[in-house]
Amino acid sequence: MVPELFARAGYEAVTLDLQHGMFDFEAAVDSLGLIALGGAHRIARIPVADNALAGRLIDMGAECIIAPMINSREEAEQFARAMKYPPMGERSWSPRRAAMLSGQTDHEYLTNSNSQTLALAMIETQEAIEALDDILSVPELDGIFVGPSDLSLSLSKGTALDPNGPETARACADIASKAKAAGKIAGIFCLSAEKVEEAVAQGYRLLSYGIDTVFIDGAARTALGETAWT
Ligand code: 3PY
Ligand code: MG
């Protein structure tokens, strides 16, 4: 029920995290259907360099795939081309579930899906920042998605986990303006409501904010704190 709860709460999109989350493939397939039932857009993050899983998830109805730790044009190209049908890329055919969830025939899905699905490359290392112009020049790639925690670890050479710090914020602003100049979508993971506002002001348009386990943890502690027994 959890993905559907998020959708019904009013989130425009819900992301399933298959990089760091607890989803296996079957749970992700069920959850994609539940997000659709709740009326939100369906996003999935894959494990590093797992373009085969990206293909399976987009076939099962994910409308946007986020690929972590993309550090070069070549990695961005391989990922994005696996997400797009020929002549753009080399996505392999059989999107029955994706067509069903988007209310289209297979033929309509074939015509529309290259422009209706998004391939986003995560920018979360110094290496990716150095290769950003090259990554943004990949025509099949729809945009980028920033991971501020890994980015702060990389920028500080492992000395500071500082996703909200000033150096990370400056890097995030630069990434957004480069993405905008290249005509690409800029997305980012946000750890607080203030960061959502900051990211919007920097030009980000896809904001991922709120984690199920964090919400449950907070609500559980609040509930216990409200009783006289603890
Ligand atoms: C990061 O901050 O590194 C992320 O990957 C966010 O999901
Ligand atoms: Mg990360």
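How many strands form the open sheet, and in what order do they stand? Seven strands form it, in the order S1-S2-S3-S4-S5-S6-S7, and the pairing is parallel. Strands pair here if DSSP finds at least two bridges between them; strands (E, at least two residues) and helices (H or I, at least four) are DSSP runs numbered from the N terminus.

Before we look around, a word on what you are seeing. This is a predicted model, in which local features need pLDDT of at least 70 and side-chain atom pairs count only at pLDDT 80 or more, while totals for chains, interfaces and linings use all residues. Residues are numbered from 1 along each chain as its sequence is written, chains are lettered from A and ligands numbered from 1 in the order in which they are written, and side-chain values use heavy atoms, with hydrogens and water left out.

The pLDDT is the predictor's confidence in each residue, from 0 to 100. The chain averages 97, and 100% of the residues score at least 70. Among the elements of the chain, S3 has the highest mean pLDDT (99) and helix H12 (residues 212-225) the lowest (95).

Strand S1 (13-17) and strand S7 (206-209) are the edges, each pairing on one side only. On average, neighbouring strands are turned by 25 degrees against each other, direction ignored. Angles are taken between axes fitted to C-alpha atoms, for helices over the stretch in contact, and run from 0 to 180 degrees between N-to-C directions.

S1 and strand S2 (residues 41-45) share five parallel bridges, and Leu16 stands opposite Ala44 in S2. Strand S5 (residues 143-146) is joined to strand S6 (residues 185-190) by four bridges, with Val146 opposite Ile188. Four bridges also link S6 to S7, where Gly187 has Leu206 as its bridge partner.

Helix H4 (residues 73-82) lies across strand S3 (64-67) and strand S4 (118-123), at about 155 degrees to S4. Contact means heavy atoms within 4.5 Å.

**Around ligand 1**

Which residues are around ligand 1? They are Arg45, Met122, Glu124, Gly147, Pro148, Ser149, Asp150 and Phe189, each with a heavy atom within 4 Å of the ligand. The table gives polar contacts, which are pairs of N or O atoms within 3.5 Å.

| Residue and its polar atom | Distance to an oxygen atom of ligand 1 |
|---|---|
| Glu124, side chain | 3.1 Å |
| Ser149, backbone | 2.8 Å |
| Asp150, backbone | 2.9 Å |

Taken alone, ligand 1 exposes 230 Å², and the protein buries 90% of that; areas come from the Shrake-Rupley method with a 1.4 Å probe.

Note on methods: Polar contact = N/O pair within 3.5 Å; in protein donor to acceptor, adjacent residues only side chain to side chain.
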